[in-house]
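Here is a friendly walk through the fold you have on your screen. Please keep the viewer open as you read.

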Amino acid sequence: MPNTGRLRTGDPSLLRQLNLSVVMHYLRESAPLYRAQLAEITGLNKTTVSSLVSELMQYQFVQEVGARTNGATGRPAVMLELTVLSGSTTYCAPVRLLWRP
């Protein structure tokens with residue numbers, strides 16, 4: 001992206017980065033959570049949350065930790081939490097840094 005001196009607007013890649021950050025925030029603050037809970041508290045639709053979670057799982061930032069087995073019908077809800085590496089409580093996420101002169 002050429003540097004035109006303007007601030008970046010809400011293009012799809014920026015919105016996705018913001019949404020990834022929001023999902024990571026709620027998992028850090030309130031995990032374990034189900035995808036449906038993430039959709040409810042973030043205001044994102046379930047399809048978007050599933051896509052974001054899949055991306056975070058691909059990069060091993062999020063892991064599935066169990067399923068709800070309370071006898072409900074249908075597909076069991078799977079709990080999610082941030083992946084902790086080597087006992088660390090420090091989390092990091094992929095971000096794109098923009099250089100501005």
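Pro 32 sits in the loop that links H1 and S1. Most peptide bonds are trans, and most residues other than glycine have a negative phi. Gln 60 has a phi near 60°, which is positive although the residue is not glycine. Gln 60 belongs to the loop between H3 and S2. With a relative accessible area of 57%, Gln 60 is exposed.

A word on what you are looking at: this is a predicted model, in which local features need pLDDT of at least 70 and side-chain atom pairs count only at pLDDT 80 or more, while totals for chains, interfaces and linings use all residues. Residues are numbered from 1 along each chain as its sequence is written, and side-chain values use heavy atoms, leaving out hydrogens and water.

**The overall plan**

Three helices and three strands make up the secondary structure of the protein chain, and along the sequence they follow the pattern α-β-α-α-β-β. Helices (H or I, at least four residues) and strands (E, at least two) are DSSP runs, numbered from the N terminus. Of the 101 residues in the protein chain, 21% are buried. Buried means under 20% relative accessible area, exposed means over 50%, and partly exposed lies in between, with a 1.4 Å probe and protein chains only. Among contacts with a separation of 6 or more, 47% join residues 24 or more positions apart; contact here means heavy atoms within 4.5 Å.

**The sheet**

The three strands form an open sheet in the order S1-S3-S2, with antiparallel pairing. S1 and S2 are the edge strands, each with a single partner, so one side of each has no neighbour in the sheet. Two strands pair if DSSP finds at least two bridges between them. Strand S1 (residues 33–34) is joined to strand S3 (residues 78–82) by two bridges. Here Leu 33 stands opposite Leu 80, and Tyr 34 faces Met 79. On the other pairing, strand S2 (residues 62–67) and S3 share five bridges, again antiparallel, and Ala 67 has Val 78 as its bridge partner in S3.

Leaving aside residues up to four places away in sequence, Glu 81 touches Leu 27, Ala 31, Phe 61, Val 62, Gln 63 and Val 65. The C-alpha atoms of Glu 81 and Gln 63 are 5.7 Å apart, although 18 residues separate the two along the chain.

**How the helices pack**

Two packed helices are described by the angle between their axes and the distance between the axes. Axes are lines fitted to C-alpha atoms, for helices over the stretch in contact, and angles run from 0 to 180 degrees between N-to-C directions.

| Helix pair | Angle | Axis distance |
|---|---|---|
| H1 (residues 12–30) and H2 (residues 35–42) | about 110° | 11 Å |
| H1 and H3 (residues 46–58) | about 80° | 10 Å |

H1 is therefore roughly perpendicular to H2, and H1 and H3 are roughly perpendicular to each other as well. Angles under 35 degrees count as roughly parallel, over 145 as roughly antiparallel, 65 to 115 as roughly perpendicular and the rest as oblique.

Let us take H1 and H2. Val 22, Val 23, Tyr 26 and Leu 27 of H1 meet Leu 38, Ile 41 and Thr 42 of H2. By class, this contact has six nonpolar residues, one polar and no charged. The classes are nonpolar (Ala, Val, Leu, Ile, Met, Phe, Trp, Tyr, Cys and Pro), charged (Asp, Glu, Lys and Arg) and polar (the others, Gly among them).

Tyr 26 of H1 is partly exposed, with a relative accessible area of 28%. Apart from residues up to four places away in sequence, Tyr 26 touches Ala 31, Leu 33, Leu 38, Ile 41 and Thr 42. The C-alpha atoms of Tyr 26 and Leu 38 are separated by 7.4 Å, with the residues twelve apart along the chain.

Now for H1 and H3. Arg 16, Asn 19, Leu 20, Val 23 and Met 24 of H1 meet Thr 48, Ser 51, Leu 52, Val 53, Glu 55 and Leu 56 of H3. These residues divide into six nonpolar, three polar and two charged.
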